[in-house]
Amino acid sequence: MNLDVLTGLATPIAMGILLGGLYALIALGLSLVFGVMKLINIAHGDLVLLSSYLAFTIMTSLGIDPILSLVIGMPVLFVVGFAIQRYLLNRAFRISMEAPLIIAFGISIILQNLYQIVWTPLSRGLTTSYALESFGVGGIRIPLVYLLDFIVAIVVMIFLREFLRRTYLGKAISAASQDRGASQLMGINTNRVYAFAFAIAMVFAAIAGVFLGLTFPFTPQSGVSFLIIAFGVVVLGGLGSIVGTFIGGLVMGLAQTLGGYFLGAAAQMLVAYLIVLIVLGARPRGLLGR
Amino acid sequence: MKVNLPRLKGGLTPLIAVAVLLALFPVIGVPNSWILYLFLFFIYLALANMWNLLAGYCGLISLCQPAFIGLGGYTMVILAWIGVPLYLGMIAGAVVAALFAVLISIPVFRLSGIYFAVGTLIVPEVLRIIFLIWRPVGGALYGKGAGYAVKGATLVSTMEIYWLALIVCISSVLIIRFILRSNLGLGLASIRDNASTAASSGINVFKSKFYSFIISAAITGLAGAAFYISQGFIEPTSAFSVKWTMILMLATVIGGIRIEAGPAVGAIIVVILHFLLARYGGVSLLIQGVILVSIMLLAPQGIVGSIRRTGTSRPYRALMRLTTRR
């Protein structure tokens, strides 16, 4: 193989790895909710977008930097998540197996159309001064936000790991996810723990949403593609493993950038989607799943 | 496949009477707007019936119904461009949708519950991207990617399309009737109640679900093709849109999931909703979403289910005796 192909491939590989961080970040909330409540939150992608749109409004109207606007965005999504779990999903679990899924689907449709009404169907982006900067490493140029995504993802993942291990709430969440009945007998109020777990997952979604907006332009319909990517990350990485989520993110990021490199920009998501379907067919419990 | 004949025949007379009456509507000069709404009702009912079969009776929350609708429509349109008649194309559409269901059942049937739901969600997204890139045959461009006008659709009269949709709708009703009264339906009911007990009683859980999935795909594809004859054009974004899932889910949930008559009642309400909300554009889907969530939370059995639950009241029982002559 000649050197030109290698240097040509270096850019998509480097960008794919860095993008993997962002995807792991998006998947973190989905993975947490799934781990605790055994529910794949179909509205996850749309809730991530809620944070992107909030940051967009704060940036355009108040001129506050999107990353700083998380001071507002994180509490807002915490409350939204708590309310969704407490008042909608918690009741749905008692109705039937399909009720939480149908309700989550309904929430997804409501949010998509709400965005369309409030923010119009136009493609938006969080274009800050540093969003367009890039830096050079060994002859390849990499956008600064990609590096930022990766660093933030690692920091957030270490934080989540320590949170689940060291705090009471974190231990309660882990306990409730392992055995609901036993943790109730140990005096844990599982309904409250579920609501907090969902709310915390939404805080991660808030962080993911802002960095997503810095990296990609988004439309009201973008939620579905990010849901599928997050689902792919969870499927690839298996459950309950933060390292697995990270590896899953890398695979999805590389699939997208390499797919875009070989098949053109229009097909980049196609490769990522097909990988999810193939992995589901081959190893339904995930590559690293137990 | 064995079928309980007395149960299949019972209550068939009112059904036939309604079908004949509906079939006569365009001839006796019913206003055109009615014909249009009834056409939508037929399509929605066929789609909702097929989703009810999967979600209600098999426990498969399928989110890939738009894939079958779009494939049914596209197969017909592409064949029409090559010169195949529309009606033949429709049947080909149903066959392609069914074959596609066989293909995707390889990955998605290894999943259960929520995994199945999200796994199927990916399928229409993949197809949309493929059809946005790929342009199978030449022809007048309509919209982005593989947008086509349905060749020959203008030659089909409104009456013909109406009857076509009626036929598709009635066949979906009859198929559901047949399945629920055959040993396949009995097997599905026992799987729904307890899958492992059903399996140990000799019911092939995989086969029962697999056949239902294929049947559902074929009829959904047929209904999709019929819809696109009336629409006159097809393009990937709306053909593989999540809006389809919304319609069939809403119709089933409003009427009552896991109830045979549920989708019929639900489809009437969805058509009325579309009629009432048509002017409001984006808000329309928002309101439909709110209705879906509220019904699921407040009356999970839907309208028909709620009526049945209050069915212990005296007037209701008297009415039931009158209508069923028991």
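In the predicted model, strand E1 (residues 134–137) and strand E2 (residues 140–143) of chain A run antiparallel and are joined by 4 bridges. A:Ser134 stands opposite A:Pro143 of E2(A). The two strands, E1(A) and E2(A), form a hairpin with 2 residues between them. In the turn, A:Gly138 has a positive phi of about 50°.

A:Lys38, with a phi of about 55°, lies in the loop between helix H1 (3–37) and helix H2 (44–62) of chain A. This residue, A:Lys38, counts as partly exposed because it has 14 C-beta neighbours inside 10 Å. In chain B, B:Arg258 has a positive phi of about 70° and is found in the loop between H12 and H13. B:Arg258 has 19 C-beta neighbours inside 10 Å and therefore counts as partly exposed, the threshold for a buried residue being 20 or more.

Contact between the chains involves 35 residues of chain B and 38 residues of chain A. On the side of chain B that touches chain A, at least two residues each are supplied by H5, helix H6 (114–133), helix H12 (242–255) and helix H14 (282–298). H6(B) gives the most, with 13 residues. By class, the residues on this side of chain B comprise 29 nonpolar, 4 polar and 2 charged.

H14(B) consists of 17 residues and reaches 25 Å from its first C-alpha to its last, close to the 24 Å expected at 1.5 Å a residue. Its buried residues are B:Leu285, B:Leu286, B:Gln288, B:Gly289, B:Leu292, B:Val293, B:Ile295 and B:Met296. The buried residues of H14(B) pack against elements of both chains: helix H3 (70–95) and helix H4 (99–119) of chain A, and H12, helix H13 (262–277) and helix H15 (302–309) of chain B.

Within chain B, helix H5 (residues 86–108) packs with helix H10 (residues 205–231); their axes come within 8 Å and cross at roughly 145°. The crossing of H5(B) and H10(B) is right-handed. Residues of H5(B) in this contact include B:Gly89, B:Gly93, B:Ala97, B:Phe100 and B:Ser105, while those of H10(B) include B:Phe210, B:Phe213, B:Ala217, B:Gly221 and B:Ile229. The contact of H5(B) with H10(B) has 18 nonpolar and 6 polar residues, and no charged residues. H5 is also among the helices that supply at least two residues to the side of chain B touching chain A.

How values were computed: Residues are numbered from 1 along each chain as its sequence is written. Chains are lettered from A and ligands numbered from 1 in the order in which they are written. This is a predicted model: local features need pLDDT of at least 70, side-chain atom pairs count only at pLDDT 80 or more; totals for chains, interfaces and linings use all residues. Axes are lines fitted to C-alpha atoms, for helices over the stretch in contact, and angles run from 0 to 180 degrees between N-to-C directions. A crossing is left-handed if the near helix is turned anticlockwise from the far one by less than a right angle, and right-handed if clockwise. Two residues are in contact if their C-beta atoms, placed from the backbone, lie within 7 Å. Ala, Val, Leu, Ile, Met, Phe, Trp, Tyr, Cys and Pro count as nonpolar, Asp, Glu, Lys and Arg as charged, and the others, Gly among them, as polar. Two strands pair if DSSP finds at least two bridges between them. The expected span of a helix is 1.5 Å times one less than its number of residues. A residue is buried if 20 or more other C-beta atoms lie within 10 Å of its own, exposed if 12 or fewer, and partly exposed in between; C-beta atoms are placed from the backbone.
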